Amino acid sequence: MFSKPHPWHGINIGDDAPNKIKVFIELVPGDTMKYELDKESGYLKVDRPQRFSNICPMPYGFVPKTLCSDRVGEFCMEKTGREGIVGDGDPLDICVITERNIPHGNLILDAIPVGGLRMIDGEEADDKIIAVLSGDASFGQMRDIEEVPKHMIDRLSHYFLTYKEKPFSDEERECEITHIYGRDEAKEVIKRSMEDYNNRFDVDKRKLLKMIQTGLK
């Protein structure tokens, strides 16, 4: 009997990571519902209806077998000079640039990281990696953020800075983007998120293996 692998834990990030990586897509442009992974079951769930006009301008999801935790938070502090920043405890977020229409989420694709947005939400590092779809006719040859049209970066930045805001609200904005960075920093963030994942979940695997071995004695 076969079952679908868990999108976060059961899909290989790719043998050539961080140069080329697998991506699980949750949202696509035009979605008026906010979907996200249910971490326990591995199914895509409805998080909430999109209440306002902000719609994600590009396919958006996460990188399997990554985690934004201590190592990602340390890198954010190193680059911003701030203290007290921690990872948000989620898989690493990623947006994928493509000329093609992807009609729905809940799928995987191959992408090439070209940069990212250093986003801080509250006191949490919440990086958004920017990548291009591997093999894309219009954008697939891009290799660094400087090659991406500025209007695309502006649209992404505006979306992430405003998608939580309420109209006519005096509440202080929680999200900020401190830097727009290139390929090398994006790869470093990906590598650190892979380390964070392994540090967290390999420990759990070792504990499970020890329990199994103990039970067999």
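## Aromatic pairs

The structure, a predicted model, holds six aromatic pairs. Rings of Phe, Tyr and Trp (its six-membered ring) pair if their centres lie within 6.5 Å; planes under 30 degrees apart count as stacked, over 60 as edge-to-face and the rest as tilted. For Trp 8 and Phe 201 the ring centres are 5.4 Å apart and the planes stand at 80 degrees, so this pair is edge-to-face. The pair links distant parts of the chain, with Trp 8 in the segment before E1 and Phe 201 in helix H3, 193 residues apart. Helices (H or I, at least four residues) and strands (E, at least two) are DSSP runs, numbered from the N terminus.

Both Trp 8 and Phe 201 are buried, a term that means under 20% relative accessible area, against over 50% for exposed and partly exposed in between (1.4 Å probe, protein chains only). The rings of Tyr 197 and Phe 201 have centres 4.7 Å apart and planes at 40 degrees, so they form a tilted pair. Tyr 197 and Phe 201 are about one helical turn apart because four residues separate them in helix H3. Relative accessibility is 2% for Tyr 197, which therefore counts as buried, and 12% for Phe 201. Ring pairs link Trp 8, Tyr 197 and Phe 201 into a cluster.

## Basis of the model

Residues are numbered from 1 along each chain as its sequence is written, and side-chain values use heavy atoms, with hydrogens and water left out. As this is a predicted model, local features need pLDDT of at least 70 and side-chain atom pairs count only at pLDDT 80 or more, while totals for chains, interfaces and linings use all residues.

## Overall fold

The protein has three helices and ten strands, in the sequence order β-β-β-β-α-β-β-β-β-β-α-β-α. Of its 217 residues, 44% are buried. Contact means heavy atoms within 4.5 Å; among contacts between residues at least 6 apart in sequence, 74% join residues at least 24 apart. The protein exposes about 12000 Å², of which carbon and sulfur atoms supply 49%; the areas come from the Shrake-Rupley method with a 1.4 Å probe, and for residues only the protein chains shown count as cover.

## Nonpolar cores

A nonpolar core is a set of buried Ala, Val, Leu, Ile, Met, Phe, Trp, Tyr and Cys residues joined through side-chain atoms within 4.5 Å. The largest has 26 residues, and those with the most contacts inside it are Ile 21, Val 23, Leu 92, Ile 94, Val 96, Leu 109 and Ile 129. At least two residues of this core come from each of E1 (21-27), H1 (70-80), E6 (93-97), E7 (107-121), E9 (128-133) and H3. A second, separate core of 23 residues includes Ile 112, Val 114, Phe 139 and Met 152.

Arg 192 lies in helix H3 (residues 183-216) and counts as buried at 9% relative accessibility. Its side chain makes a polar contact of 2.8 Å with that of Glu 188. A polar contact is a pair of N or O atoms within 3.5 Å; within protein, one must be able to donate a hydrogen and the other to accept it, and residues adjacent in sequence count only if both atoms are side-chain atoms. Beyond residues up to four places away in sequence, Arg 192 touches Arg 71, Val 72, Glu 74, Phe 75 and Glu 78.

Ile 13 is in the segment before E1 and is buried at 6% relative accessibility. Ile 13 and Lys 65 are 52 residues apart in sequence and 6.3 Å apart in space, C-alpha to C-alpha.
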